[in-house]
Amino acid sequence: MIDDTKIKSFLGQNGISPLPKRVKIMQYLIEKHNHPTVDMIYSELLHEIPGLSKTTVYNTLKLFTSKRVAVTLNIEDNEIRYDADTATHGHFKCRVCDGVFDFSLDRDQLPEIPLNGFSVDEYHYYLKGVCSSCREKGLG
């Protein structure tokens, strides 16, 4: 479990007031690392945070992404997930278990994209298929 003090300090250093609900939501993102949706976070933290609402979770995640302490994943059109790992990496979504897994990505190995004069702020790499665990179980 990550110390609340470290999370409060991290949020403060990034211009985010470390309110208790924000600290818990960031702690969840870091510790679970399950690329959750708003509904997943809300369901898991409802019993821990008195007065938590989906709106609070949504607004907190919106703040986190605007301050670049979390990123949004839009692997499926109807589903937005969140990740506290803001380093460049890719995501793989299993079509059987719906799990989302990180994979390493070296930008130097990617093709050069001819965007002369452009400045790229974000990179998103998504793959879909069947994860190794589901394949071992014969589910895909």
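1. What do the buried residues of α3 pack against? They pack against α2, α4 (54–66) and β2 (79–83). Helices (H or I, at least four residues) and strands (E, at least two) are DSSP runs, numbered from the N terminus.

2. A word on the basis. This is a predicted model, where local features need pLDDT of at least 70, side-chain atom pairs count only at pLDDT 80 or more, and totals for chains, interfaces and linings use all residues. Residues are numbered from 1 along each chain as its sequence is written, and side-chain values use heavy atoms, with hydrogens and water left out.

3. In α3, the buried residues are V38, I41 and L45 (under 20% relative accessible area, 1.4 Å probe, protein chains only). Viewed down the axis of α3, they fall within an arc of 70°, so they line one face of the helix. The arc is that of the directions from the helix axis to the C-beta atoms.

4. Helix α2 (residues 20–32) and helix α3 (residues 38–45) have axes that come within 11 Å and cross at roughly 105°. Axes are lines fitted to C-alpha atoms over the stretch in contact, and angles run from 0 to 180 degrees between N-to-C directions. The pair therefore counts as roughly perpendicular (65 to 115 degrees).

5. K24, I25, Y28, L29 and K32 of α2 meet M40, I41, E44 and L45 of α3. Contact means heavy atoms within 4.5 Å.

6. Elsewhere, an open sheet of 3 strands runs in the order β4-β3-β5, with mixed pairing (at least two DSSP bridges between two strands). β4 (100–103) and β5 (126–129) stand at the edges, each with a single partner strand, so one side of each lacks a neighbour in the sheet.

Technical notes:
Parallel < 35°, antiparallel > 145°, perpendicular 65-115°, else oblique. Buried < 20%, exposed > 50% of the residue type's maximum accessible area, 1.4 Å probe, protein only.
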